[in-house]
Amino acid sequence: MKRQSATVPLLFVLAAVLPSSTPAQTDPKATEQWEPVPKVVTPGRLDGAPPSDAIVLFDGSDLDQWESSRDHSAARWKVHDGVVTVDKASGNIQTRRRFRDYQLHLEWQVPKGITGEGQERGNSGVFLASTGPGDEGYEIQIMDSWKNATYVNGQAASIYKQAAPLVNATRPPGEWQTYDVIWTAPVFSADGTLTSPAYVTLFHNGVLVQNHTQLAGETFYIGKPKYSPHAAAAIKLQAHGDRSPPISFRNMWVRPLD
Ligand code: MG
């Protein structure tokens, strides 16, 4: 108590004699920002049409934007009825373009009458940056998580083996589902050390399920996540090796943010 009573009067004295370093602001314009003006973008319609500045990755007609992850030949998944269905035999496919930070939209459907259980039930995935032809990279899980238990950091909308979704927003098999992703790629210095980690924000069917989730590295089936330096990378879709019927995708587009 003794020390406190000595300190308080001193502060009053200092406040009275020292000139104020920050005069009170009275002008509301002082905190207005006018430049740069955000570019005008026509938003997509609620039927899922892409916004005007998006790179359309798949509009239902062909896979010209995609290649085989294995050998970079033309992607051989089956395009039919405006959708593309996974061809497990031909393996993963990926974008021909390479990306750093972006916003991504895709729609996926687990077929009605899906069989299997756990991870063996409509398993696929989107790798936000591919670092190899197989399952290397950073996977957001895609599978049937409608009344299908598995480890929660491996269910639909998880960052595989790193972060469970905040909620389970999965629709039943046979219904289309949306993913809207904001990907912040990791940054590496010239000597390969990590400067800034990767972050993922994900909306599943319009519901926030990953909120600026920081990644501990690439996602692995076995072992802990870790980073290895890489450049701009493809977006990859997984042909998972389970024996359940293959899932389909439609309406995929991306907006690079850098
Ligand atoms: Mg998967």
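1. N251 sits in strand β15, which spans residues 248-256. Strands here are DSSP runs of E with at least two residues, helices are runs of H or I with at least four, and both are numbered from the N terminus.

2. A word on the model. It is a predicted one: local features need pLDDT of at least 70, side-chain atom pairs count only at pLDDT 80 or more, and totals for chains, interfaces and linings use all residues. Residues are numbered from 1 along each chain as its sequence is written, and side-chain values use heavy atoms, with hydrogens and water left out.

3. Back to N251. Is this residue buried or exposed? N251 counts as buried, because its relative accessibility is 17%. Buried means under 20% relative accessible area, exposed means over 50%, and partly exposed lies in between (1.4 Å probe, protein chains only). The backbone of N251 also deserves a look: phi is positive, about 45 degrees, although the residue is not a glycine.

4. Which residues does N251 touch, leaving aside its neighbours within four places in sequence? They are G48, A49, P50, F58, H105, L106 and E107. Contact means heavy atoms within 4.5 Å. With E107 there is a polar contact, side chain to side chain, at 2.7 Å. Such a contact is a pair of N or O atoms within 3.5 Å; within protein, one must be able to donate a hydrogen and the other to accept it, and residues adjacent in sequence count only if both atoms are side-chain atoms.

5. Now S68, in strand β2 (residues 66-68). S68 is buried because its relative accessible area is 2%. Neighbours within four places in sequence aside, S68 is in contact with S73, A74, A75, S90 and N92.

6. H72 counts as partly exposed because its relative accessible area is 44%.

7. Check the peptide bond from E35 to P36. That bond is cis, with omega near -5 degrees. P36 itself is in the loop between α1 (2-17) and β1 (55-58).

8. G223 belongs to the loop between β13 (207-214) and β14 (236-237). G223 is exposed because its relative accessibility is 52%. How far apart in space are G223 and K161, C-alpha to C-alpha? The distance is 9.2 Å, while 62 residues separate them in sequence.

9. Next, the whole protein. It has one helix and 15 strands. Of its 258 residues, 45% count as buried. Take contacts between residues at least 6 apart in sequence: 64% of these join residues at least 24 apart. The accessible surface is about 14,200 Å², and 57% of that belongs to carbon and sulfur atoms. Areas come from the Shrake-Rupley method with a 1.4 Å probe.

10. A cavity is a set of points, on a 1 Å grid over the protein atoms alone, where a 1.4 Å probe fits but cannot get out; lining residues have an atom within 4 Å of a point. The largest cavity has a volume of about 30 Å³. Its lining residues include V86, K88, N123, H240 and I247. By class, the lining has four nonpolar, five polar and one charged residues.

Key: 1 Å grid on protein atoms, 1.4 Å probe; cavity = no way out; pocket = protein on both sides within 12 Å on 5 of 7 lines; lining within 4 Å. Points joined across faces, edges and corners; volume = space filled by probe spheres on them. Nonpolar A, V, L, I, M, F, W, Y, C, P; charged D, E, K, R; others polar.
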